[in-house]
Amino acid sequence: MDFTNKCQPLPTQRPDNTAFTQQRLPAWQPLLSASIILPLFFLAGLSFIGIGIGLYYSSNSIKETEYDYTGSLSGNYCYPCATAATPCYCNFTFNITEYFQAPVFMYYELSNFYQNHYRYMSSIDNTQLSGFLDNLKNPSNDCVPYRLDSNQKPVAPCGAVANSMFNDIITMSYNANGTYVDVPLNGKGISWWTDYNIKFRNPTIGNESLSQIFQGTAKPQNWTTEAWNLSSDPYNTGFINEDFIVWMRTAALPTFRKLYRRIESGNFSAGLPPGQYRLNIIYNYPVISFGGRKKIVFSSVSWMGGKNPFLGIAYLAFGSLCTFFAIIMLIVFVKYQGRSDDDI
């Protein structure tokens, strides 16, 4: 047998002989010197200081006021409701001394509530919330122990996150010459566009209503009503209820705020005038058991969003450091320029 042609060497895999593949492209390497570094440090430092001052001033110009209505202390707002059986009704009045320019946002704030716990965050069925019928009545095992109710009915929506949804009902009125008039609170447009239009969808079956589709399922244990009955608005109920969507976007820190309503219509389209207001609260959400607090926060906004002084402080700190090191390097350069290494 002839083996002469059986052991030919493999062709060598070499890159093309081009300037790019052979790394012969022309390059420019800057020669760093004091005349280059010092102006760059001063420019960066002063630029960041200027931006920081603008951000900090803008943040401080935002008006914000908050009211704790937990009711854990005697004489505090909603004190009778803190340990009473829910639902419980309470109200309190407060005064606004400065004009709140529209749009005004109303938030609820919870403290000592750890939405960032891994077991809590993973207790959710995203497929069910996307409107898939199979998961509506056969939720994921990730929702255990909030997957089935005591009668072995599937829970919709399932999981610990949905079960703990904030459900206090808050309305607001304004004292106009001794008569309280309702302040319109808009609950639409408070969630992320991508959440409302893409991530969360209601299941559909032909022409059946949402209540018919949800037949055979159970509401979460801590809810006062079924998911399909969260609102009379068909575009704001079920899995696309915006209060529900806002709650399901879990917070990273144990003290957090979530948008509850926008005030930008009716006689208050220009903002909240100074005067006396009253909050009427259906107290459904207990927080005393885990040492939490509840607050209502009113805030205006600026071009940079809500009140957040941290960004301005961060820019100021970084700019100050750049400027400080630039001054140090300038002093060293002036002191030792023109000297040889032996002299130093």
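Select Asn 112 to begin. This residue is partly exposed, because its relative accessible area of 33% falls between the 20% and 50% cut-offs. Asn 112 sits in the loop between β4 and α2, the helix of residues 118–121. Check its backbone: phi is near 60 degrees, a positive value in a residue other than glycine. Keep in mind that this is a predicted model.

**Second stop: Asn 177**

Now select Asn 177. Its phi is near 55 degrees, again positive in a residue that is not glycine. Asn 177 belongs to the loop between β5 (169–176) and β6 (179–182). Is this asparagine buried or exposed? Asn 177 has a relative accessible area of 84%, so it counts as exposed, the cut-off being over 50%.

Go to Ala 102 and Pro 103. The peptide bond that joins them is cis, with omega at about -5 degrees. Show the strands around it. Pro 103 lies in the loop between β3 (100–101) and β4 (104–111).

Then select Val 144 and Pro 145. A cis peptide bond joins this pair too, and its omega is about 5 degrees. Pro 145 is in the loop between α4 (133–136) and α5 (160–163).

Select Glu 242 and show its side chain. The residue is part of helix α8, which covers residues 242–248. How much relative accessible area does Glu 242 have? The value is 4%, and Glu 242 is therefore buried, since buried means under 20%.

What does Glu 242 touch, leaving out residues up to four places away in sequence? Display its contacts. Gly 187, Lys 188, Gly 189, Ile 190 and Ser 191 are among them. Tyr 196 and Asn 236 also touch Glu 242.

Find helix α9, residues 309–336, and select Phe 325 within it. Phe 325 has 44% relative accessibility, so it is partly exposed.

Phe 325 belongs to a nonpolar patch on the surface.

Notes:
Residues numbered from 1 in each chain as written. Predicted model: local features only at pLDDT ≥ 70, side-chain atom pairs only at ≥ 80, totals over all residues. Heavy atoms only, no water. Patch = residues over 30% accessible without salt bridge, like charges linked within 9 Å, V, L, I, M, F, W, Y side chains within 5 Å. Areas by Shrake-Rupley, 256 points an atom, 1.4 Å probe, with all protein chains shown as cover. Salt bridge = Lys/Arg side-chain N within 4 Å of Asp/Glu carboxyl O. Helix = DSSP H or I, 4+ residues; strand = E, 2+ residues; numbered from the N terminus. Buried < 20%, exposed > 50% of the residue type's maximum accessible area, 1.4 Å probe, protein only. Contact = heavy atoms within 4.5 Å.
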